[in-house]
Structures are given as structure tokens and as C-alpha cells.
Amino acid sequence: MKLCNTIFLIGLFCGLKTTAQTDSIQRLETVVLVADKYVKQKVTGQKIIAITAKDIAQNNNNPTETLRFNSPIAIRDTGNGGASSARFRGTSASNTAFLWNGININNFGLGQTDLNGISIATSDEILVKSGGGSIKYGSGAIGGTVHLNDFLYYKDHQKVQVLSSYGSFNTTSNVVNAHVGTQKWSFKLGTTYHQSANDYDLIDDRYKDKEGKFLKNENGAYQNYSFNLSGGYQINPFSTLQFYSTWYRGDRLFSGALPNPSAADEKYKDANQRNLLTWDWQKKHWHHLLKTAYLTQEYRYYENKNKHNYDYGNSTTYIANYDVSYKKNGGTRFSWSTDLQRIEGETNQISKKNREQFAVVLGVESELCERLNYHIELKKEWNSDFRVPVIASLAGEFNLKKNHKVLLNLGTNYRVPSFNDLYWPGQGNLNLRPETAKQIELGYQVIHQNLTIKSTLFWMDVDDKIVWVPNANLATPNAWSPMNIEASYHQGGELFLGWKYWIHQKSNVQLTTNYTFTDAKNEKTNKMLIFVPQHLLNAKFSYQLKKWDVYLQNLTQSSVYTSEDNLEQLQLGGFGIFNAGLGCQLTDKKHQIHLGLSVKNLTNQLYQFSRLRPMPGRNYQININYKFN
Amino acid sequence: MKITKLFLQFLSIAILVVSCQDDDSSVEMVNRDYSKGVLISGEGSSAGTGSISYVATDRSVKYQFIYLSANGVELGTFLQSIAFTEDNAYLIVDNANTVTMVDKATFIKKGEITTGLQTPRYMTVVNNNAYVSNWGDPFSEADDFIAVVDLTNNSVVKKIAVSNGPEQVIAKNGKLYVSHKGAYTYNNVVSVIDLTTDVVTEIEVEDNPDEMFFNNNGNLVVLSEGRLLYNADYTVGGHTIGAIQTIDIATNTVSRSVTFEEGVHPSLMAFSNDQIFYYTNGNVYKIAENATSLATEALISKTLSGMAVSNNELHGVDAGAYKAQGDYYIYDLDSGEEIYTSKVALGAAKIYVLE
């Protein structure tokens with residue numbers, strides 16, 4: 001386990017990977033190439049946690065479930081499998097950026113990512129970074145960012161992972177992730193298929209049918225699949241050419257709410273495609289990274305699934321990016337980055353619109369003394385649609401003593417108006433400004449071999465928030481339009497705790513937990529922001545004895561207000577739910593098979609994230625996680 | 001074994017946490033009499049489903065969420081309108097395709113209609129039948145209908161096909177009058193349905209007719225909002241005009257039109273004491289029922305989403321952005337002064353003065 005110790009000290013990587021991914025961490029240091037190295041190597045002063053393949057295997061129904069049980073993000077979905085929005089620290093879904101290999105993939109129309117409209121299970125690494133990061137990750141990186149990264153290994157290798165599960169409501173999740181390569185070449189092929197009838201009982205005693213039975217989650221079925229192909233070639237020891245591509249297609253119905261879920265008949269289809277080509281050149285003091293990307297997104301919304309007419313939208317994004325940095329041995333690193341993007345978008349109601357943006361980022365990073373390093377960055381973006389403010393970030397990390405670290409990060413971030421905000425026919429507002437945010441966070445981390453504590457206190461102020469309000473525009477009476485009219489402040493703390501204890505050689509206990517306290521209020525009214533839980537906790541406790549393991553998982557959320565005037569009657573109650581599982585690991589030299597049985601919502605608790613949309617009651621799943629090389 | 005103990009401890013704490021959770025499903029149910037006073041229906045939104053507020057005639061008391069208090073359950077979104085009979089109130093929730101029947105006094109649920117409706121909007125009752133306007137699929141202009149409900153068993157007995165977007169319904173002398181606001185698009189007719197033969201006659205009016213009432217001569221007054229015209233690139237290219245039109249119900253022809261300036265889109269209308277009250281863009285105006293031109297000066301300046309006039313008082317509600325409670329105002333029509341204001345149902349839209 002000594003190796004793990006070293007690895008933990010190297011960077012901002014979360015604990016509890018000791019069993020799950022020791023393997024990949026080792027390689028990471030030598031032969032793994034990641035398109036987005038920045039998040040792990042150069043983000044300074046912020047809290048990052050990793051979601052492991054094992055976490056995904058335990059919560060694999062959809063990305064909402066994966067992140068809800070394993071990250072500090074508060075997620076609100078409109079019923080299981082429905083549209084799902086992620087918020088960090090009480091901000092909104094449009095203040096949460098999703099990055100695929102370092103590329104911002106938030107939806108062009110809404111400026112946010114629907115967590116049930118993406119596939120994350122083939123990612124080799126999922127990192128959840130709390131706090132803003134607009135300098136590197138652009139618009140929407142205000143509350144936090146989620147990074148989905150693919151790895152390419154340069155050594156002789158072949159490894160395959162197959163994850164498959166089947167459970168209640170005819171739900172199945174299937175993932176294949178294969179890596180193969182030599183010291184010169186590397187390939188990765190991944191695919192996912194998720195499907196569910198999702199017709200669970202809405203276990204609210206107050207709403208039953210005439211026979212006294214629970215109503216069903218009607219019109220909630222979904223299915224989606226994705227393919228992922230990446231490859232790379234190591235031209236010489238200091239230069240590599242890589243490409244990444246992924247293709248996703250989703251087809252789902254939007255379920256109905258109580259008291260009459262049978263009224264629902266909406267359908268939503270979406271498809272997206274992402275391609276990225278990178279050229280990495282690193283020699284002596286210089287590091288160059290050239291990236292080009294081509295992304296498309298497309299959706300079709302059917303108000304009535306039985307009819308052929310639909311609303312649609314699509315977008316195409318072209319990105320060219322060049323990063324260069326210079327660092328003398330042990331000295332200061334200077335970096336310069338330019339980013340050029342063109343986004344074309346249209347919907348059935350918005351004729352084709354283009355947005356062009358060009359950004360320059362300057363950075364300085366150095367060790368002030370042996371124990372203190374700092375990182376300063378400055379970004380200016382020119383955008384064809386509006387003025388984007390100059391933003392800056394200052395961060396530092398101080399090693400208090402061995403394994404103890406104090407972190408500081410302060411900076412400004414932004415979120416640009418979405419296409420819908422600007423161009424919605426008759427309602428869009430061309431005079432919108434970007435939302436801006438200021439933040440400070442102070443962290444303390446303890447990273448030991450078997451104990452990881454990552455804590456942070458944050459304060460954030462978001463201004464010029466874009467809100468759709470009625471009667472905003474005299475030219476279109478009675479219509480709703482977006483305006484920059486609200487401001488909010490966010491304060492609180494986050495705690496990650498990972499602990500592993502070896503009882504004896506063949507048995508251990510493990511605890512992983514994320515706790516977030518959030519106080520997020522509207523600056524004008526001083527009322528709590530809606531759908532923001534003050535307390536959010538998830539915890540996983542597991543016990544392993546030889547080849548057997550059991551786990552108990554908890555999600556606790558305090559009540560949330562759903563109305564902006566914080567009416568008591570319009571609260572969604574707090575809850576605590578449990579999942580539990582039993583597993584068995586069969587291993588030989590080349591094969592690792594883990595068989596699992598899970599019971600979700602063990603106590604059959606009624607809980608909901610949206611009004612009148614109960615989540616599933618007690619349900620069961622069997623799963624297999626098979627790895628071979 | 002130490003670890004077993006630890007595990008059990010964890011489990012017991014966990015169970016404790018669960019059992020200590022507030023159970024929000026227990027609402028204390030109350031039995032009150034709401035048959036006299038003002039009811040305000042709120043459409044609801046993702047912040048909260050449709051709800052109803054009650055304010056007593058003398059404004060001494062106000063109760064919120066009266067359906068929830070009476071029944072312990074929520075209505076669903078969006079509570080579009082309420083229809084009344086002698087004993088019952090019918091709550092029409094369009095997204096839930098539901099009409100809920102409650103006791104008019106207590107608001108305790110007595111029944112519901114959940115089949116045969118699609119995006120129901122308004123309802124009126126003639127003898128023992130209810131007539132409910134339905135958009136059908138709001139994106140389809142060809143599946144709109146009036147559902148005829150037998151109130152003895154609350155079932156839809158037939159559907160009368162009508163043109164796109166039927167909105168408000170009122171009945172007189174065995175005929176049903178339907179304004180066609182046009183759902184998500186537009187329409188420009190008032191349908192007249194003979195309730196014995198189901199024959200539908202259409203009368204052309206200005207675009208997007210919505211509010212209607214019978215004036216003192218027994219003729220039908222209709223408010224048409226007019227609409228925005230979009231260019232091919234969906235920018236606003238122009239407007240069709242709004243109007244207050246009077247229909248002679250003997251001949252089914254428009255006998256008088258008072259039109260608005262281009263770009264002005266009136267959205268609310270009420271009738272009291274020979275006077276027509278109408279609302280456009282933050283102002284309430286008043287004209288005589290036989291006026292041939294519009295008022296020049298506003299009576300009251302206030303943003304409103306619902307309006308009613310009764311006993312020389314104007315009641316108005318403003319739903320705001322549907323994310324918090326709405327505002328309710330009462331104005332004395334003699335002085336033009338605001339005499340009462342209060343917070344009411346989320347998405348406040350309709351005011352029913354019950355006397």
C-alpha cells in the first residue's frame with residue numbers, strides 16, 4: 001500500500017481509490033494521457049472528488065443516481081428518469097458546467113445539462129469539482145463543474161470491463177468499456193445501453209385509484225445508448241496525437257404527476273455527437289497542446305407521443321484551442337491559452353443564429369516557498385453577442401504539515417445568456433448581459449493512506465441573474481421575457497470524508513461521505529432559493545470479508561422550498577433513504593467477476609425532488625461487474 | 001466482534017434519522033364554509049400545484065390552500081378555472097385532464113372526471129349536463145371539442161367537435177357560446193352550439209376571442225385580444241387588432257365593434273352595472289356597454305392577470321412570475337382607491353365573487 005500513499009500525495013485525488021482503482025492511478029503517472037489534464041494537475045485551491053467505477057456500478061440506473069449518491073451536488077429530477085438538473089452550492093443548473101474531456105457540453109438552448117440526457121458510464125474518470133472555473137471551463141462554471149474524462153494508455157495492455165444490471169420496473173443498464181494498445185498505439189471503445197419501463201408505484205398514500213391501489217408512474221419509459229471511440233498515437237516520446245469521439249442517442253417519455261399521472265403523453269428524443277482531436281507536445285520546459293473539436297446536439301420534443309409533429313432544435317459547435325506553457329525546472333510556470341469557438345444553433349422557432357467567441361487566458365503558477373504554491377489566472381473573452389467581463393482567479397495551497405493542506409481560491413466567473421434567452425421568438429432579450437459571480441473558498445484537507453478529509457467553506461455572490469418574467473417587454477404585452485434582475489448570495493461548507501480500516505488482512509470497512517451545508521438566499525428578499533436543500537448528505541458504509549462484501553448507503557436531504565416566498569405549505573419534506581447490497585467477488589489472474597444484489601429504498605420511504613412526483617419505493621437489482629485482461 | 005457492533009450502531013443511528021423525518025403527508029384537515037365570499041383560483045406552477053384562496057366578504061378572514069385543507073391532497077397543475085352549480089364547485093385542471101367536483105361550501109371532494117377530457121379549460125352547466133371546452137392536443141388544431149358530461153355519474157357522454165382552441169363557455173336559451181382563443185396558435189370565431197341538435201354555427205370576430213358576457217340587452221359581448229404576427233425569422237412583424245365586439249344573438253352577427261390601436265392587446269374584461277371594464281398593459285379602463293369608442297383615461301393602473309367587478313368594487317389579482325404567492329387588490333370604484341390588498345394563491349388568475 002506504500003504506492004497508494006505516494007499517489008495520494010501527488011495530487012488532488014480523492015481517497016478510497018485504494019481498492020477500486022489503484023491500478024489506473026499507477027498508470028496515470030506514467031503512461032496515461034487525458035485530454036483534460038488541467039483539472040487534476042493545475043486546479044489549485046479547490047475541492048475535487050472522484051467517482052469510481054465501483055460507485056457507478058452501485059448506482060448505475062442513470063447519471064442522476066450516480067451523482068446523487070456519490071457527490072455533493074443537489075439534483076432535482078422531475079420524477080425518476082425525467083429531466084434532471086444539477087446544482088452546486090445552491091446555484092442553478094445553468095451555473096453548473098459539464099465537461100467532456102475538457103470541452104463544455106452544456107445545452108445550447110438552455111445553457112445547462114440534463115443529467116438524464118447524457119451517458120457517463122464509459123468515462124474512465126468522473127471528477128466533481130466544487131466551485132467556479134470559468135477561466136478554464138467557460139460559461140456556466142459558477143457553482144461547480146463535472147468532468148467526464150477518457151483515458152488512453154500507452155503500454156502493452158488489453159482490459160475490458162462489462163457491467164450489466166437488471167432490476168425492478170424492467171430496468172437494465174449495460175456498459176462495455178475496452179482498452180487495448182501498445183507503447184505506440186492506444187484505443188478505447190465503450191458503449192452503454194440503458195432502458196427502463198419505469199412504471200413504478202407512486203407510493204403516496206393520499207393519492208390512490210378507485211380500487212385503493214397506488215397510481216403508477218405512467219409515460220415514464222426511457223432508453224438510451226451511446227458509443228465511445230478514442231484512439232491515440234505516440235509519435236515520439238514527447239509528442240502524441242489523440243482523438244476522442246462519442247455518440248449518444250436518447251428516447252424517453254416524460255412522466256405524469258399526481259394526482260392524475262395518466263394525463264402525460266410527452267416524448268423527447270435527443271442525439272449528440274462529440275469529436276475531439278488533440279496534439280500534445282512536451283519537451284524540456286515547453287508544453288504545447290493543440291485541440292480542435294466538433295460537437296453537434298439535436299433534440300425533438302413531442303407534446304403528444306402519438307402524433308408526428310414536434311418541436312426541434314440543433315446546434316453545431318466548432319472549437320480550436322491552443323495552450324502553451326513554459327516552466328523551468330522547479331521554477332515558475334507561465335501559461336498562455338487561446339480559445340476560438342463558433343456555435344451555430346437553430347430551433348423550429350429560431351432561425352439559425354451564430355455566436356463567435358475568442359478568449360485569451362494568462363496564467364502564472366509557482367511555489368513561493370517549499371510549502372506554499374500559488375496560481376494566478378486572467379481571462380478575457382470577446383463574444384459576438386455581448387460583452388463578457390474580464391475574469392480572474394487567485395489560488396494558493398499551503399502544506400501545513402505532512403498530509404495536511406490549507407487551500408484558498410478566489411475568483412470571478414460568468415454564465416452567458418443561452419440561445420433561448422436571446423432569441424426566443426417575440427420574447428428573447430438581445431440586451432441581456434452575462435450573469436457574473438464572485439467567490440471565495442477556503443479549504444482544509446487531510447490526506448492519509450486510509451483517511452481522506454476534504455473540507456471547504458465557501459462564499460459566493462451571483463449578480464445579474466437571468467430570470468424569465470412576465471410583462472418585461474412592452475413590444476410583446478403579456479409575454480414572458482428574460483431579464484438580468486436577480487442577485488443571490490451563497491454560503492456554506494462542504495465536507496468529504498473517506499476512511500478505510502483494515503480489520504485484518506482479509507477484511508476491511510470503508511466509509512465515504514459527502515455533506516454540504518448551503519445557505520443560499522435572494523439578495524433582495526432574503527428568502528431561501530427554491531429547491532436548495534440546506535443539508536445534503538450522502539454516505540456509503542461497506543464491509544468486506546474475503547470475497548464477500550456488503551454495503552449500506554444513505555441519502556439525506558432536508559426540506560426544500562418550492563416557492564420563492566418560502567411558503568411553509570409549499571415545501572417538499574426532507575427525507576433519508578437507504579440502499580443496501582450484498583456482493584461476491586470471484587477473481588483469478590485474468591478475470592475479476594463481481595456479482596451484486598441491491599435493494600434500493602430499503603425502508604420504502606416516500607421521497608420526492610419535484611412536487612407530486614414520488615420516487616420509486618423499495619426496488620431490487622442484480623448486477624454483474626466483469627473485468628478481464 | 002467490534003466491527004459488527006459498529007455496523008449495528010451505524011444502522012441504528014440511520015434508522016433513528018429516518019424515523020425522525022418530518023412527515024409532510026399529514027395535513028390537518030378542516031371543515032369550513034366557503035359558500036359566501038371571494039374565491040381566487042391560482043393556476044400553480046412547478047413551485048406548487050393549483051390552489052384556491054378564500055377571502056370573506058367582510059375581509060375579516062383569509063384562508064389559503066382551501067382544497068388542500070379540506071382534502072389533504074393537492075389539485076395538480078394548472079388549475080384553469082372553476083365552474084359552480086347550486087351545491088357544487090367544479091375545479092378544472094388542464095394539464096391533469098381532470099375536473100374535480102367538490103362541495104361548494106366545504107370544498108370536500110365528491111367526485112372527479114378523469115377520462116374523456118384532454119386539456120380542459122372552462123365549464124358551464126345547463127340542467128344536468130356540464131359542457132367542458134377542451135383543446136385536445138394543444139399543438140393540433142383539429143382535435144378540439146366540447147365534452148358533454150352527465151353530472152349524475154360524472155362521465156363524458158359525448159364530444160362535440162369544434163374549431164381550434166375553445167376557451168370560455170357560457171350558455172343561454174339552450175345555446176352554448178364558445179370563444180375560440182386558439183390554444184397555442186390562434187383563431188377568430190365564437191361558436192354557437194344548439195344544445196338540442198349539437199349543430200355548431202361560427203361567428204367571425206377579431207383574433208383570439210377570450211372573455212365573454214351577456215349585456216343588459218341579452219347580447220353577447222366578446223373581448224378579442226388580437227395577436228402578434230411573426231416574420232419568417234420569428235421576429236415580430238406586426239399585429240392584428242384587439243376589439244370589444246357585441247354579437248346580436250338573434251341574428252348571430254356582430255352588431256358593434258370597438259377596436260384597439262394596433263399593438264394594444266387587451267387581456268381581461270368584466271361587466272357590472274351597464275359598464276364594461278377592460279384591462280390592457282397595466283391599466284384598467286371603463287366604458288358604457290353601448291359605447292362606440294374606447295376610454296381615454298385609465299381608471300386604475302396596476303399589473304393584473306385576473307379581474308372581477310362586483311358591488312362597485314374592482315377585484316384584481318397579479319400572478320407575478322408564478323414562483324411565489326400572487327397579489328390580490330380591491331379598489332373602490334367611486335374613489336379609485338385601493339381598499340384591500342393581500343397575498344393569495346400561486347399563479348392567481350381567476351376571481352369568483354360568491355354572494
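As a predicted model, the structure is read with limits: local features need pLDDT of at least 70, side-chain atom pairs count only at pLDDT 80 or more, and totals for chains, interfaces and linings use all residues. Residues are numbered from 1 along each chain as its sequence is written, chains are lettered from A and ligands numbered from 1 in the order in which they are written, and side-chain values use heavy atoms, with hydrogens and water left out.

The size of an interface is often given as the accessible area lost when the parts come together. Between chain B and chain A, the buried area is about 4,400 Å², and carbon and sulfur atoms give 61% of this area. Buried area here is the accessible area (1.4 Å probe) that two parts lose on being put together, summed over both. Chain A brings 53 residues to the contact and chain B brings 54, where contact means heavy atoms within 4.5 Å.

Three salt bridges are counted between chain B and chain A; a salt bridge requires a side-chain nitrogen of Lys or Arg within 4 Å of a carboxyl oxygen of Asp or Glu. The side chains of Lys307(A) and Asp143(B) form a salt bridge, at 3.3 Å from N to O.

On the side of chain B that touches chain A, the elements giving two or more residues are α1 (2-19), β18 (228-230) and β19 (236-239) of chain B. Helices (H or I, at least four residues) and strands (E, at least two) are DSSP runs, numbered from the N terminus. With nine residues, α1(B) supplies the largest share of this side. By residue class, this side of chain B holds 25 nonpolar, 21 polar and eight charged residues. Ala, Val, Leu, Ile, Met, Phe, Trp, Tyr, Cys and Pro count as nonpolar, Asp, Glu, Lys and Arg as charged, and the others, Gly among them, as polar.

Aromatic rings come next. A pair of aromatic rings is described by the distance of the centres and the angle of the planes. Over all chains, 37 aromatic pairs are found in the whole structure. Rings of Phe, Tyr and Trp (its six-membered ring) pair if their centres lie within 6.5 Å, and planes under 30 degrees apart count as stacked, over 60 as edge-to-face and the rest as tilted. Trp286(A) and Tyr326(A) make a tilted pair, because their ring centres are 4.8 Å apart and their planes stand at 55 degrees. Trp286(A) belongs to strand β18 (residues 286-302) of chain A and Tyr326(A) to strand β19 (residues 311-327) of chain A, so the pair ties together parts 40 residues apart in sequence. Trp286(A) is partly exposed at 42% relative accessibility, and Tyr326(A) is also partly exposed, at 24%. Buried means under 20% relative accessible area, exposed over 50%, and partly exposed in between (1.4 Å probe, protein chains only).

In chain B, Tyr177(B) and Phe214(B) pair edge-to-face, with 5.6 Å from centre to centre and 80 degrees between the planes. Tyr177(B) sits in strand β13 (residues 175-180) of chain B and Phe214(B) in strand β16 (residues 209-214) of chain B, so this pair ties together parts 37 residues apart in sequence. Both Tyr177(B) and Phe214(B) are buried. Back in chain A, ring pairs link Tyr193(A), Tyr225(A), Phe227(A) and Trp247(A) into a cluster.

A cis peptide bond joins Leu258(A) to Pro259(A), with omega about 5 degrees, and Pro259(A) lies in the loop between β16 (239-254) and β17 (266-283) of chain A. In chain B, the peptide bond from Thr77(B) to Phe78(B) is also cis, with omega near -10 degrees; Phe78(B) is in the loop between α2 (66-71) and β4 (79-84) of chain B.
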